Amino acid sequence: MIVDFFFVLFAVMAIGGATAMVFARNPVASLLYLVMAFFAMSGIFVLLDAHFIAAVNLIVYAGAILVLFLFVIMLLNLGRTEKTDLRGPAYGILGIAVAAAVFGLLLVMLRDGHTTSMAGGMGQATIDAMIQSQGAVGVIADPMFRNYLVPFEITSLLLLVAIVGAIVLARQKAP
Amino acid sequence: MDIETYTLMLSALLFAIGTAGVLLRRNAIIMFMCIELMLNAVNLTLVVFSRSLGIEAQVFVFFVMAVAAAEAAVGLAIIIAIFRHYELVNVDRFNLLKW
């Protein structure tokens with residue numbers, strides 16, 4: 001009951017924030033709407049018992065990546081409200097039609113595939129027992145450092161390459 | 001219907017809104033933010049399926065976040081480099097790979 005209430009609340013916040021982000025004219029307002037949507041999505045992660053993912057989503061996504069976007073918007077001095085940069089009516093209708101088609105396709109996939117994939121799953125009781133015995137972080141840490149250790153290390157390499165690449169790309173060229 | 005089904009529908013809707021944003025806007029930074037929204041919608045799907053198909057799906061959420069961070073850093077650096085040259089971030093004006 002209370003879960004349903006919070007799910008509806010977070011879903012409305014997420015959809016409203018995402019829609020407002022697409023149509024806001026000020027880039028900073030757009031970004032803050034996206035932060036609101038991400039906060040709501042973190043709430044939904046909590047409702048789905050993914051507490052660690054919810055915290056990481058807040059700290060890494062809303063806290064770090066979106067603040068990086070905010071820095072760039074302010075660094076480039078783009079924070080002014082200007083004439084909207086939405087595309088014209090013909091292109092706009094086409095874009096919304098494509099997005100609606102994507103949504104329809106995903107719903108069709110959900111209708112056809114969801115019931116079979118959910119059958120034979122672990123179920124709520126198993127997840128609750130795992131979180132009880134290992135903790136919300138341990139549940140993820142166990143497969144990550146046992147089965148996915150090599151991908152984890154490759155991720156660190158990827159981040160190193162991204163750091164070097166970002167510095168090389170954004171460096172001020174010598175006159 | 002249960003909360004999983006509703007969350008999958010929500011994630012499909014958020015992905016579609018992100019698609020619409022990429023197609024409708026001309027501001028490169030906002031297109032980028034829409035891509036982040038699409039990535040997070042996929043994270044939502046992965047978390048839903050982690051409940052039935054195994055907790056490993058949440059490990060993949062972690063990797064998606066790491067790749068998103070790398071992509072944001074490099075992409076924003078590219079936008080800064082382009083802005084230094086053109087003094088704008090409107091994607092309709094970019095038609096050269098090298099200048």
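Trainee: How do α2(A) and α2(B) lie, roughly parallel or roughly antiparallel?
Mentor: In this predicted model, α2(A) and α2(B) are roughly parallel to each other. Their axes cross at roughly 5 degrees and come within 11 Å, with α2(B) covering residues 28-53. Angles under 35 degrees count as roughly parallel, over 145 as roughly antiparallel, 65 to 115 as roughly perpendicular and the rest as oblique. The axes are lines fitted to C-alpha atoms, for helices over the stretch in contact, and angles run from 0 to 180 degrees between N-to-C directions. Helices (H or I, at least four residues) and strands (E, at least two) are DSSP runs, numbered from the N terminus.

Trainee: Which residues make the contact between α2(A) and α2(B)?
Mentor: From α2(A) they include Leu34(A), Phe38(A), Met41(A) and Ile44(A), and from α2(B) they include Ile30(B), Met33(B), Leu37(B) and Leu44(B). Residues are in contact if their C-beta atoms, placed from the backbone, lie within 7 Å. By class, this contact has 14 nonpolar, 2 polar and no charged residues. Here Ala, Val, Leu, Ile, Met, Phe, Trp, Tyr, Cys and Pro count as nonpolar, Asp, Glu, Lys and Arg as charged, and the others, Gly among them, as polar.

Trainee: Is Leu44(B) buried or exposed?
Mentor: Leu44(B), in helix α2 of chain B, counts as buried because it has 24 C-beta neighbours inside 10 Å. A residue is buried if 20 or more other C-beta atoms lie within 10 Å of its own, exposed if 12 or fewer, and partly exposed in between.

Trainee: What does Leu44(B) touch?
Mentor: Leaving out residues up to four places away in sequence, Leu44(B) touches Met41(A) and Ile44(A) in one chain, and Thr7(B), Leu10(B) and Ser11(B) in the other.

Trainee: Back to α2(A): at what angle does it pack with α3(A)?
Mentor: The angle is about 175 degrees, and the axes are 8 Å apart. That makes α2(A) roughly antiparallel to α3(A). Among the residues that meet are Leu31(A), Phe38(A) and Phe45(A) from α2(A), and Leu58(A), Tyr61(A) and Phe69(A) from α3(A). This contact has 19 nonpolar, 3 polar and no charged residues.

Trainee: How many residues of each chain are in contact with the other chain?
Mentor: 68 residues of chain A are in contact with 61 residues of chain B. On the chain A side, α4(A) gives the most, with 14 residues. That side divides into 57 nonpolar, 9 polar and 2 charged residues.

Trainee: New topic: how many helices and strands are there in chain B?
Mentor: Chain B has 3 helices and 0 strands. Its radius of gyration is 17 Å, well over the 13 Å that the globule rule gives for 99 residues, so chain B is more spread out than a compact globule. That radius is taken over C-alpha atoms, and the rule is 2.2 Å times the number of residues to the power 0.38. The C-alpha atoms of chain B fill a box of roughly 50 × 25 × 15 Å, taken along the principal axes. Buried residues make up 51% of the 99 residues in chain B.

Trainee: How should I read the numbering and the limits of the model?
Mentor: Residues are numbered from 1 along each chain as its sequence is written, while chains are lettered from A and ligands numbered from 1 in the order in which they are written. As this is a predicted model, local features need pLDDT of at least 70 and side-chain atom pairs count only at pLDDT 80 or more, whereas totals for chains, interfaces and linings use all residues.

Note on methods: Contact = placed C-beta atoms within 7 Å.
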